[in-house]
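Please look at the sequence and the model before reading on.

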Amino acid sequence: LDQFRSATVGIWVENGSRYETAPENGISHFLEHVFFKGTKRRSARKIAEEIEAVGGILNAFTGRELTCYYARVLGTDLPLALDVLGDVFCESTFPPDEIERERTVILSEIAESEDSPDQQAQQLFDNALWPGHALSRPICGTPETVSGMQRDDFLKFIADRYRADRIVVAAA
């Protein structure tokens, strides 16, 4: 049964929507998407295929406090997961065409959330609880902020927020 043990490795970044300025609203979530769209060694397709070929999962999520990039694989495939996840996190190229493609995806996510009564209720609650604060803004951003984000904005945000003192790598 040892060959069926799984391994999960995550890169946790102290970076979520609470650290964004109003014009940056949604940049953490947008970045989470774009990190997976190509590296110096791998295309977006190759990133997905390498992990999926071994039955693994490669994913990420963004919250108000943090962003996490993770991979879950069989224990025997941990070296592959570390290589792919490390490549995505350290060598992403943020291709302009992929940024535009993801912008469309995120704008669609925002539209879907606007059609969801429970998500709208949560947003109204956040606005009432944290008026004018970053915590009152939606994690995905708004159509206006997401539409205005450019590659240079991502690179500057990464330089400011993705620092060693804000990153934890954990594995189980």
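Contact here means heavy atoms within 4.5 Å. Among contacts in the chain with a separation of 6 or more, 79% join residues 24 or more positions apart. The model is predicted: local features need pLDDT of at least 70, side-chain atom pairs count only at pLDDT 80 or more, and totals for chains, interfaces and linings use all residues. Residues are numbered from 1 along each chain as its sequence is written, and side-chain values use heavy atoms, with hydrogens and water left out.

The chain has seven helices and four strands, taken as DSSP runs (H or I, at least four residues, for helices; E, at least two, for strands). Their order along the sequence is β-α-α-β-β-α-α-α-α-α-β. With a radius of gyration of 17 Å against 16 Å from the globule rule for 172 residues, the chain is as compact as a globular protein of that length; the radius is taken over C-alpha atoms, and the rule is 2.2 Å times the number of residues to the power 0.38. The C-alpha trace spans about 50 × 35 × 35 Å along its principal axes.

Of the 172 residues, 41% are buried (buried is under 20% relative accessible area, exposed over 50%, partly exposed in between; 1.4 Å probe, protein chains only).

The structure holds zero disulfides, a disulfide being a pair of cysteine sulfur atoms within 2.5 Å. For Cys68, which is in none, the nearest cysteine sulfur is that of Cys90. The sulfur of Cys140 is too far from that of Cys68, its closest, for a bond.
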